[in-house]
Amino acid sequence: MSEPILQIDGLSKVYPGGLRALDDVDLTINKGEIFALLGPNGAGKTTLIGAVCGLVRPTSGTICAFGRDLSENWRDARSRIGLVPQELSTDMFDPVRRAVSYSRGLFGLPPDQSRIEEILRRLSLWDKRDTKIMELSGGMKRRVLIAKALAHEPDLLFLDEPTAGVDVELRKGMWAIVDEMRARGVTIILTTHYIEEAELMADRVGIINRGKLLMVDDKQAMMARLGRTEAHIDLAEPLFELPPALSRFPVDLEQGGSSLCYRGGDGTGKGKADVAELTKALISSGINYTGIETRESSLEDIFVSLLGEETT
Ligand SMILES: Nc1ncnc2c1ncn2[C@@H]1O[C@H](COP(=O)(O)OP(=O)(O)OP(=O)(O)O)[C@@H](O)[C@H]1O
Ligand SMILES: [Mg+2]
């Protein structure tokens, strides 16, 4: 039985002015899992994180962290929650190393210069340890935020678009850090616009739009439920109608009959097996083809089609 580390029930946020940024959100996060929150701009991701981190006051609903109601247990919970915020607002005049050490102290941990050095080296910030934050590039400032969040060894870590605007190398570095934290049992909730990132790192995925959590599922289960295979088969000679031998497959003739398109499967490999059967059926019906292009749908396709259904 997995142990919940965060339980959100009926959470709503209406900002002054009337915008409903969160609408009755229920979400349970288990200890040790990596959860990715996906949604378009303005969906409510940062608001949700802000509510858990005490930066946004909920309009209604409850949040329990580490088994206790946050509103009654704020100080203790806060010391165990880390946040890499989306917006860069950090102690601009402080040198890097001091800012990161300070962040550790803020959460009541004893100073540990070797740990700070390890984190700074890890994030390629060691050379910049005495540079004022305001003098760093945007990507380096983001690394400082990450260093600060790592410095206090949180049990529950929020990464709000951790890799927005950082170079490929640091993005890979981030993924390695996330893996390492996962191995240490840290629970991580991240938001990202790079769906491949969610696909790569997360155990479960939640899709949020206009303040509503539309779907939460294991990544694999979501792919299996909503994933599709699409195969385009170029025919040597155009067909004017589908031969009966192909009627059991979900196929259509396209491009004036010169291409056969298969759309089916369920994201678990059934599509590929179907396409293999289909090519056998083509050959035994004497239909020649010149090429096949097969594509498995990604989390991105699922995401786009879900949001498309929402708006229509
Ligand atoms: N302080 C605020 N006052 C009023 N409205 C706000 C405030 N902060 C956010 N909003 C609105 O709430 C909605 C959700 O914003 P939020 O920042 O949570 O979205 P997001 O999913 O994080 O988007 P993004 O992907 O762009 O970061 C948006 O419509 C936004 O304009
Ligand atoms: Mg945001």
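How many nonpolar, polar and charged residues does the lining of the second largest pocket have by class?

All views show a predicted model, in which local features need pLDDT of at least 70 and side-chain atom pairs count only at pLDDT 80 or more, while totals for chains, interfaces and linings use all residues. Residues are numbered from 1 along each chain as its sequence is written, chains are lettered from A and ligands numbered from 1 in the order in which they are written, and side-chain values use heavy atoms, with hydrogens and water left out.

Figure 1. A pocket is an open set of points on a 1 Å grid over the protein atoms alone, with protein on both sides within 12 Å along at least five of seven lines, and its lining residues have an atom within 4 Å of a point. Grid points are joined across faces, edges and corners, and a volume is the space filled by probe spheres set on the points. By class, the lining has six nonpolar, four polar and two charged residues. Here Ala, Val, Leu, Ile, Met, Phe, Trp, Tyr, Cys and Pro count as nonpolar, Asp, Glu, Lys and Arg as charged, and the others, Gly among them, as polar. The lining includes Ala-51, Val-56, Arg-57, Pro-58, Asp-69 and Trp-74. Strand β4 (residues 60–65) contributes the largest share, three residues. Strands (E, at least two residues) and helices (H or I, at least four) are DSSP runs, numbered from the N terminus.

**Figure 2. Surroundings of ligand 1.** Ligand 1 is surrounded by 14 residues, of which Asn-41, Gly-42, Lys-45, Thr-46 and Thr-47 are the closest; a residue is counted if one of its heavy atoms lies within 4 Å of the ligand. On its own, ligand 1 has 640 Å² of accessible area, of which the protein covers 64%; accessible areas come from the Shrake-Rupley method with a 1.4 Å probe. Helix α1 (residues 45–52) provides the largest share of the shell, three residues. By class, the shell divides into five nonpolar, seven polar and two charged residues.

**Figure 3. An open sheet of four strands.** The strand order is β2-β1-β4-β5, with antiparallel pairing. Strands β2 (20–30) and β5 (68–69) stand at the edges with a single partner strand each, so one side of each is left without a neighbour in the sheet. Two strands pair if DSSP finds at least two bridges between them. Strand β1 (residues 4–14) is joined to β2 by seven bridges, and Gln-7 stands opposite Thr-28 in β2. Strand β2 also contains Asp-24, which has a positive phi of about 55 degrees although it is not a glycine. Most residues other than glycine have a negative phi.

**Figure 4. The β9–β10 hairpin.** Strands β9 (residues 204–209) and β10 (residues 212–218) pair in the antiparallel sense over six bridges. The bridge partner of Arg-204 is Asp-218 in β10. Two residues lie between the strands of this hairpin, and Arg-210 in the turn has a positive phi of about 45 degrees.

**Figure 5. The largest cavity.** The whole structure contains three cavities of 30 Å³ or more, a cavity being a set of grid points where a 1.4 Å probe fits but cannot get out. The largest cavity has about 80 Å³ of space. Helices α4 (113–122) and α6 (168–183) each supply at least two lining residues, and α4 gives the largest share, four. By class, the lining has four nonpolar, no polar and five charged residues. Among the lining residues are Arg-115, Glu-118, Arg-122, Glu-180 and Arg-184.

**Figure 6. The second largest cavity.** This cavity has a volume of about 40 Å³. Its lining is formed by Leu-6, Ile-8, Leu-27, Leu-37, Leu-48, Ile-49, Val-52, Phe-158 and Ile-189. The elements that give two or more of these residues are β1 and α1, and α1 gives the most, with three. By class, the lining has nine nonpolar, no polar and no charged residues.
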